[in-house]
Amino acid sequence: MVDPSERPQRVPHSRFENVVALFIGTFAVSFGLYLLKEVGVATGGTAGIALLASYATSWSFGVWFVLVNVPFFALAIWRMGWRFTVKTLVAVVLVSLYSEVHPLMLEIGDMNPIYATLLGSLLAGIGLIVLFRHQASLGGVNILALYLQKSRGWRAGYVQLVVDVLIVLAAFATLPLPMVLLSVVGAVILNMIIAMNHRPDRYFG
């Protein structure tokens with residue numbers, strides 16, 4: 001047994017580390033979402049709502065992602081503080097910008113939807129972990145999940161999973177059944193990554 005008093009003190013992330021993490025985390029998330037979008041799969045959270053809206057309209061994912069997130073910033077300022085809110089705002093803008101850049105840099109050809117769903121969900125989940133551990137998020141459901149984890153001790157991944165599955169099920173309105181089922185699988189993978197790696201009793205950033 002290790003004496004709690006002998007455990008090393010937690011060292012907060014430096015400003016440089018936080019900036020680098022924002023770029024890395026948002027890049028991973030945005031690329032994962034790009035893979036999902038290219039094969040016609042949905043996901044959860046505000047990203048999922050933005051994807052579904054982009055499928056149904058002529059507006060791009062990046063535009064919808066910013067618009068959908070606007071109402072949630074009031075909760076972030078009220079309950080999570082300005083530092084978290086500013087980081088989240090920057091993260092949302094970066095994901096939106098990356099989403100416009102990826103199609104210009106890389107054209108996805110005939111990619112297997114199952115493989116794209118697995119890879120895209122893994123990348124998005126890993127990217128979100130990076131953001132969470134540097135006290136940032138991608139807005140929307142992320143803000144609610146992190147607030148409930150902070151205030152109630154509920155795991156963010158499980159909270160987000162429940163909401164995400166409901167959002168993905170709404171994809172029945174625009175996507176065929178096989179794509180909806182893949183979307184559910186992807187949402188489960190993404191949120192299990194968060195639940196296993198961002199526990200309230202293990203790491204806070």
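UniProt positions are given in the numbering used here, feature names are shortened, and annotations may be inferred rather than shown by experiment. This is a predicted model: local features need pLDDT of at least 70, side-chain atom pairs count only at pLDDT 80 or more, and totals for chains, interfaces and linings use all residues. Residues are numbered from 1 along each chain as its sequence is written, and side-chain values use heavy atoms, without hydrogens and water.

**Annotated spans**
- The unreviewed UniProt entry lists "transmembrane region" for residues 16-36, 56-77, 84-101, 113-132, 153-173 and 179-196.
- Residues 16-36 are 100% helix and 0% strand, with end C-alpha atoms 31 Å apart.
- Residues 113-132 are also 100% helix and 0% strand. Their end C-alpha atoms lie 28 Å apart.
- Helices (H or I, at least four residues) are DSSP runs, numbered from the N terminus.

**Cavity**
- One cavity of 30 Å³ or more is present. A cavity is a set of points on a 1 Å grid over the protein atoms alone where a 1.4 Å probe fits but cannot get out.
- The largest cavity has a volume of about 130 Å³, the space filled by probe spheres set on the points.
- Its lining has 16 residues, each with an atom within 4 Å of a point. Closest to the centre are Gly 44, Ala 47, Leu 128, Asn 142 and Gln 160.
- H2 gives the largest share of the lining, three residues.

**Contacts**
- Setting aside neighbours within four places in sequence, Phe 61 has contacts (heavy atoms within 4.5 Å) with residues including Leu 33, Lys 37, Ala 47 and Val 95.

Definitions and conventions:
1 Å grid on protein atoms, 1.4 Å probe; cavity = no way out; pocket = protein on both sides within 12 Å on 5 of 7 lines; lining within 4 Å. Helix = DSSP H or I, 4+ residues; strand = E, 2+ residues; numbered from the N terminus.
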